[in-house]
Amino acid sequence: MGTSSVPNQLLLLLFCLIFYLGSQQIYSASVTYDKKGILINGQRKILISGSIHYPRSTPDMWEDLIQKGKDGGLDVIDTYVFWNGHEPSPGSYNFEGRYDLVGFIKTVQKVGLYVNLRIGPYVCAEWNFGGFPVWLKYVPGISFRTDNEPFKRAMQGFTQKIVQMLKSENLFASQGGPIILSQIENEYGIERRAYGAAGEAYVNWAAQMAVALGTGVPWLMCKEDDAPDPVINTCNGFYCDGFVPNKPYKPTMWTEAWSGWFTQFGGANLQRPVEDLAFAVARFIVKGGSYFNYYMYHGGTNFGRTAGGPFITTSYDYDAPIDEYGLQREPKYGHLKDLHHAIKLCEHALTSFDPTVTGLGHYEQAYVFSSGSGQGGGECVAFLSNFHTNAAAKVMFNNMHYDLPAWSISILPDCRNVVFNTARVGVQTSQLQMLPTSSHFFLWATYDEDISSFGESPTTTAPGLLEQIDLTRDTSDYLWYMTSVYISSSEPFLYRGGPAPSLTVESAGHALHVFVNGHLSGSAYGTRESWRFRFNGPVNLRAGINRISLLSIAVGLPNDGSHYETWKIGILGPVVLYGLSQGSKDLSWQKWEYQVGLKGEAMNLDSPSAASSGEWIQNLNVAQSNQPLTWYKAHFDAPYGDEPLALDLQSMGKGQVWINGQSIGRYWTVYATGDCNSCSYPGAYRPPKCQTGCGTPTQRWYHVPRSWLKPTENLMVIFEELGGDASRISLVKRTVTSVCADASEQQHYPTIENWHPQSFWPETRNMVHEAKVHLQCAQGHNISSIRFASFGTPSGTCGSFVQSTWCHAPSSHAILEKSCVGHQLCAVAVSNINFGMDPCPNVLKRLSVEATCS
């Protein structure tokens with residue numbers, strides 16, 4: 001026995017070594033394309049993608065977000081690469097934390113999805129400076145996004161850096177990784193036309209440079225009709241069913257299907273109805289579309305000073321299927337999930353056959369993808385469309401009647417049974433609320449910016465007014481412009497009680513606070529539509545030397561436009577004092593002193609290391625502070641639970657906030673203006689449509705990632721520009737408080753998950769599928785009560801259902817309580833039998849339910 005144990009051990013070691021080496025084997029994939037789609041290892045696919053930007057969430061959120069994408073039917077995660085986040089200064093790189101690009105891509109790979117990596121490196125994305133680092137603007141002789149050698153040299157260097165880093169990690173599909181597509185440049189079509197021959201030369205250079213990097217995967221250019229071979233040109237927009245690639249052998253791809261729209265401070269929140277979004281996707285598919293990407297699938301948060309625009313809010317929620325906090329937005333998430341499943345049922349026919357288009361009426365059409373052997377045994381898929389914006393239609397197709405709601409498409413995977421209609425939402429609606437937590441703030445302290453001491457050691461002194469970014473280099477939002485003016489004691493306004501002098505300041509953006517002799521005289525702001533603005537207001541002057549201090553504030557740098565690197569912000573003048581005895585006095589060209597940033601910034605007051613600084617003054621009544629240019633700090637313990645958290649800053653004015661040294665972002669309690677009338681899904685969507693939140697703060701709640709918190713003694717630091725009541729700040733949690741479902745007897749589609757091709761199941765060819773309502777609370781929560789239930793003809797929407805006075809089954813509430821209370825999920829049939837009666841014979845009935853989750 002002893003003599004045979006050594007060979008056995010060697011065999012065991014050899015086996016383990018072979019197993020290890022086998023587990024390390026990398027299986028590369030071939031990614032090519034033809035006119036019908038992207039082929040992965042020769043298999044043509046319809047690829048469903050969603051944008052999730054890694055810096056707009058935290059690493060601990062990534063896997064859950066990506067898994068929700070996969071569960072929602074995505075094949076691909078799409079992301080930009082953010083140059084200014086990765087190279088904040090020349091040659092100094094950052095790939096840590098939220099900027100761990102490799103970690104993000106490996107997380108996508110772990111979940112089992114592909115990646116479309118949009119390197120750009122121009123990204124737009126409502127991101128600060130369009131993703132370009134500000135230092136790039138100061139490279140000698142540079143001109144952005146044109147046939148300019150300094151720019152091309154910098155762009156190529158960063159693109160090569162990213163590609164080589166990802167190659168070294170074997171992350172391209174050709175190496176066995178998840179990256180199947182890459183993008184160079186971004187939405188260049190308009191710029192190319194503006195730049196003329198130089199723009200055309202630049203596009204050709206960018207394409208050649210990208211292809212030469214040898215990634216082994218196709219490259220894309222979005223909104224660039226002249227993308228040179230082999231680069232694929234793609235579409236961005238609310239609708240792309242009219243898009244045709246620039247060569248007949250390229251696939252039809254939609255890189256940005258806008259799921260909603262961004263929000264700007266002072267504007268209303270913009271929503272896109274899921275019925276219209278699903279209709280847009282189905283329209284694209286029937287026109288030969290083989291890849292579509294939701295921009296955004298999860299929008300996330302513009303942490304720090306990453307929001308661009310200017311005036312883009314810290315929230316980048318985008319009305320996406322997964323909201324800013326990582327929760328599913330229902331019914332948008334669920335309805336799109338059902339759409340994706342229906343499309344996948346048709347995938348082979350859609351990628352194999354060209355459609356036969358038949359008119360079914362003035363606004364109605366049938367798109368049939370068929371093998372040509374008929375319904376007897378061949379493959380047949382149909383999409384029935386109704387483009388009328390307000391009228392439903394009844395059509396005849398294949399000797400059967402079909403009801404088509406206005407502005408909708410029905411999907412028939414077997415040319416017979418409808419499994420999905422874009423306008424009929426059969427999934428639940430979730431009601432999300434911000435609720436109080438058990439956390440309270442304690443150990444308040446304040447620090448006041450001492451305006452009177454500014455000018456003792458200015459950053460710069462110069463005659464005339466200087467451009468803001470030239471001085472700050474975007475190291476701070478803030479730049480002080482300071483000068484002095486002498487007022488004679490003989491000025492009549494000093495002793496006759498006449499009108500006070502007024503000051504006029506012309507600014508190129510974005511915000512301005514005017515201080516005279518250390519006191520706030522007023523503020524003025526631009527808007528996204530018009531950055532330039534004028535401050536004009538009375539000022540309190542005294543005899544002798546008066547100190548005029550103008551605090552100019554950037555609210556995100558521009559992210560799009562021709563040569564936007566040349567655009568100027570800050571106080572460019574004139575600055576004029578009116579109402580003096582000699583008339584007016586132009587201060588524009590006298591000596592000005594400049595101070596970059598705030599004293600608190602220079603002292604790192606936002607850092608936990610400065611929490612014990614002697615500069616802080618303990619303040620037991622912060623409600624009475626309410627002064628401009630004030631820093632606040634307080635501590636708090638993390639609340640119990642795992643719900644997403646946010647700060648309620650409605651009581652504050654404008655400024656920035658940090659948690660444990662991490663910047664939450666800019667806040668601004670500015671009230672939304674807009675047209676917040678009712679929203680109807682039919683008809684072409686544009687951002688002015690479906691506005692919400694008019695008359696309330698554009699953004700009230702600011703996301704606090706739980707991963708940034710410790711169990712106890714977390715530090716919150718706030719810089720308030722205008723003055724606010726810090727005592728009313730609260731930490732809240734985002735919670736699904738109720739779920740609703742609403743279905744009619746007519747919604748008798750088969751459950752998509754259980755659908756089988758009818759040609760293989762002849763006994764179910766004419767089956768009737770019973771309509772049901774489905775309710776589901778979040779993981780760890782159960783249905784605790786039924787707020788509303790009515791089988792009959794109820795009206796209203798989730799949160800405002802109303803029972804009919806003449807058609808209602810009295811057992812509705814009891815049936816729902818028995819079936820659902822105490823369960824995480826339940827399903828209830830919409831039928832007379834289930835409710836023990838027909839409350840109104842010969843009338844189409846529905847079941848509307850609202851349930852509480854706890």
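Let me start with the lining of the largest cavity, which is made up of Phe129, Lys137, Glu467, Ile469, Leu557, Pro558, Tyr564, Glu565, Trp567 and Ile569. By a cavity I mean a set of points on a 1 Å grid over the protein atoms alone where a 1.4 Å probe fits but cannot get out, and lining residues are those with an atom within 4 Å of a point. This is a predicted model, in which local features need pLDDT of at least 70 and side-chain atom pairs count only at pLDDT 80 or more, while totals for chains, interfaces and linings use all residues. Residues are numbered from 1 along each chain as its sequence is written, and side-chain values use heavy atoms, with hydrogens and water left out.

The largest cavity has a volume of about 70 Å³, where a volume is the space filled by probe spheres set on the grid points, which are joined across faces, edges and corners. By class, its lining has 7 nonpolar, no polar and 3 charged residues; here Ala, Val, Leu, Ile, Met, Phe, Trp, Tyr, Cys and Pro count as nonpolar, Asp, Glu, Lys and Arg as charged, and the others, Gly among them, as polar. Over the whole structure, the search finds 3 cavities of 30 Å³ or more.

Let me turn to the strands, which, like the helices, are DSSP runs numbered from the N terminus, with at least two residues (E) for a strand and at least four (H or I) for a helix. Strand 29, residues 571-580, pairs with strand 24, residues 502-507, in the antiparallel sense over 5 bridges, pairing being called when DSSP finds at least two bridges between two strands. Within that pairing, Val505 has Val575 of strand 29 as its bridge partner. Strand 29 also runs antiparallel to strand 30, residues 583-586, through 4 bridges, with Tyr578 partnered by Ser584 of strand 30, and a hairpin of 2 residues joins strand 29 to strand 30.

Helix 8, residues 274-286, has 13 residues and reaches 18 Å from its first C-alpha to its last, close to the expected 18 Å, a figure defined as 1.5 Å times one less than the number of residues. Because 13 of its 13 residues are buried, helix 8 is largely enclosed by the rest of the structure; buried means under 20% relative accessible area, exposed over 50%, and partly exposed in between, with a 1.4 Å probe and protein chains only. After helix 8 comes Gly288, whose phi is positive, near 100 degrees.

Finally, the cysteines. Taking a disulfide as a pair of cysteine sulfur atoms within 2.5 Å, the count comes to 8. One of them joins Cys777 to Cys853, with 2.0 Å from S to S, and the torsion about that S-S bond is about -85 degrees, so the disulfide is left-handed. That pair links distant parts of the chain, 76 residues apart, with Cys777 in the loop between strand 41 and strand 42 and Cys853 in strand 44. Cys777 is buried at 3% relative accessibility, and Cys853 is buried at 8%.

And which cysteine sulfur is closest to that of Cys124? The closest one is in Cys222, at 9.5 Å, which is too far for a bond, and Cys124 is itself buried, with a relative accessible area of 8%. Cys222 is in no disulfide either, the nearest cysteine sulfur, that of Cys235, being 9.4 Å away.

Terms used. On a 1 Å grid over the protein atoms alone, a cavity is a set of points where a 1.4 Å probe fits but cannot get out, and a pocket is an open set with protein on both sides within 12 Å along at least five of seven lines; lining residues have an atom within 4 Å of a point.
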